[in-house]
Each structure stands twice: as C-alpha cells, then as structure tokens.
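Please look over the sequence and the structure before reading on.

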Amino acid sequence: MISFVIINYNTYSYTEKCVFSICNNFPNEFFEIIIVDNGESNDDFEILTAFSKDFKVVRLFKAQNKGFGHANNFGISKAKGEFVFIINSDAELLIFDDYLKILDLFDKTNIGLIAPKVLNTDDTIQPNSSLFVTLFSSLLRFLKVGQLIYNSPLISKIIKLIGHNNRLISSYFNRDKNADIEKFVDWSSGCGLLFRKDDFEQFGSFDENFFMYYEDEELCYRYKLNNKGVFYYPGIVIKHHVGGSNINTINAKIELEKVKSEFYYYKKHYAEKLAKLKLIYLLFSILLFPFNWRFRLIAKSFLKGELE
C-alpha cells in the first residue's frame, strides 16, 4: 500500500484538488491519504474535516507549525503503507504508471527515492533534479541565474557561451531535453517523492532543524551516504502550482529562511566551506545592494547578526 502525505498550510482549496487527483489514479485498496494541517488557525482544519468525511481513504491530523520537515515526519509516522509518497498540497498527481512495476524497482536496484516528472501550471517542464550543492552552484542560486536564463534570451546566450563546458550550467539548458529520460540524479524536490517507509526511518527522516527549504536536498544526500540513490522516473507525473503553498507568507521571511537553511546544510555536511559561503553571500549582497531588495535584505541581516 502507498500512503500519500499532504501538508496543508492555509491551502485547503489546493489540498482538495490534490486529493481528487490521487483518487483518480488509484483503486481504493492500494492507497491512503494522510493530510497534516499545519496552519495556525482552525479554519482550514474544519473545512478539511468536512471534506474528508466523503473519502474513506483520507485521514486528517492537526500539527503545530514547526516547519515542512516536522509536518512530513509527523504524517509519515502515521502512515500504514510500506511505501510513502509525499506530495505538496499545491500539486496534482496526473499520471502514475503501473504502480506494481514502480514499487518493484525498490527490490531490484539500489533506488532509495523515486522522483516524478513535474510540470508547471501551464504544462511546461518544471526542473526536478539537480546536482548536490557546491560553492559555485550556491552563488548561481543566490543570483537566481536559472531565472535569468529562462527569462532573458540574451543573458541565456551569454551564460551558455561562457559556461558551455560546465556540468551545472549545461543542466540549465537541458531541462526539457532530459525530462522524459529515466536516470539517477543527485537530488530532487520534496514537492513529490516516493520511498519505503522503513528506509526513511532508518536513514533519519527529515532534519527538523530546517524550517523550510533544503531539507529535501539534505535528505537525498543522506540517502546517498547510505548507498541509496534518487531515481528520476517520468512515468509518474505531477503538476506543481509553484508558490501555492506559500500564498500567505512574506517574501522577506522566505528569502531569509532559504539562506539560513543553506548555511545549516553547509554546517552539517560541508563545514569546511561554510566560512567561504558566508563571505560570498556578504560580498555579493553588498555589491548588488542598490539593485534588488533581496540583496539589501541579506546585507542588512548580516549586519544585524541574523545570519551568523
């Protein structure tokens, strides 16, 4: 049996669509849906309580908002299935190929996690695999180079010309080309991941020191340390309405959480590089201070000692 785990944070309308999408892909005897309501108010919980009464496969729980990882750990602990599929509340399950064939992959290979193909709301490809973090990739993320490549043809051509031999930069330009190829990848987004519950518990579950962001990459890294890989499988397809689960949050808070989570990730697994990472962030946030509120926010947070 597969236990689907959905974290609801003030997103009941998305969560309901997610539930419907799962029910449309599975016969009842092969799955259950666990919804963990993570919101501060009871409004969503009351709405979802009434909604879930129409579904025998749905179990609803209330949890304190201690972050994405904590909520998923809580939901997974309630799971009855041998397998768990965590899926964002702002995602919909579109395709799930022969599930017995998919689950059989865990017995025949060193696969620890299976990552789906992900589409944006407009059906374009949403990249769902990446290389493990390096100082260079951290800088590219901080500068949002991916967005520049996708949104500016001129900048895209310049970056492609300069970095055509770089594996990381090349991956930006091959996202559509590689979207239908089964392959092992370094890590994949937590918007959708399939795994054995026993493996998840054995390798330590989500690190709850991450409130949000980087907990998925860090989990994949620990799987790698235990000789279990992440397998990208386009036979499972989800549509992810990016940002839906953050609809009522503040951009500044999100940006700071990203940086804090990245610093913690480095401290845990790449401690020797943490000082260099902080220096890179500080220098670039000062250099680019006049041009964007993100850089002003990071620079001021360093000065206030909030990122030490």
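Two rings of Phe, Tyr or Trp (for Trp, the six-membered ring) form a pair if their centres lie within 6.5 Å, and the planes count as stacked when under 30 degrees apart, as edge-to-face when over 60 and as tilted for the rest. Ring pairs of this kind link F132, Y214, Y221, Y265, Y266 and Y270 into a cluster. The model is a predicted one, in which local features need pLDDT of at least 70 and side-chain atom pairs count only at pLDDT 80 or more, while totals for chains, interfaces and linings use all residues. Residues are numbered from 1 along each chain as its sequence is written, and side-chain values use heavy atoms, with hydrogens and water left out.

The structure holds 25 aromatic pairs, and two of them are set out here.

| Ring pair | Centre distance | Plane angle | Type |
|---|---|---|---|
| F20 and F55 | 5.5 Å | 70° | edge-to-face |
| F142 and Y281 | 4.2 Å | 20° | stacked |

Helices (H or I, at least four residues) and strands (E, at least two) are DSSP runs, numbered from the N terminus. F20 belongs to helix α1 (residues 12–23) and F55 to the loop between α2 (43–52) and β3 (58–62), so their pair ties together parts that are 35 residues apart in sequence. With buried meaning under 20% relative accessible area, exposed over 50% and partly exposed in between (1.4 Å probe, protein chains only), F20 is partly exposed at 41%, whereas F55 counts as buried at 15%. F142 lies in helix α5 (residues 135–142) and Y281 in helix α12 (residues 274–287), so this pair ties together parts that are 139 residues apart in sequence; F142 and Y281 are both buried.

Charged groups also meet rings, where a charge sits over a ring if NZ of Lys or CZ of Arg is within 6 Å of the ring centre and within 35 degrees of the ring normal. K258 lies over the face of Y213, 5.3 Å from the ring centre, and the charged end of R294 sits over the ring of F295, at 5.2 Å from its centre.

Where does S188 lie? S188 is found in the loop between β7 (183–185) and β8 (192–196), and it counts as buried at 1% relative accessibility. Leaving aside its neighbours within four places in sequence, S188 is in contact (heavy atoms within 4.5 Å) with residues including N128, D216 and C220. C220, in turn, counts as buried at 1% relative accessibility.
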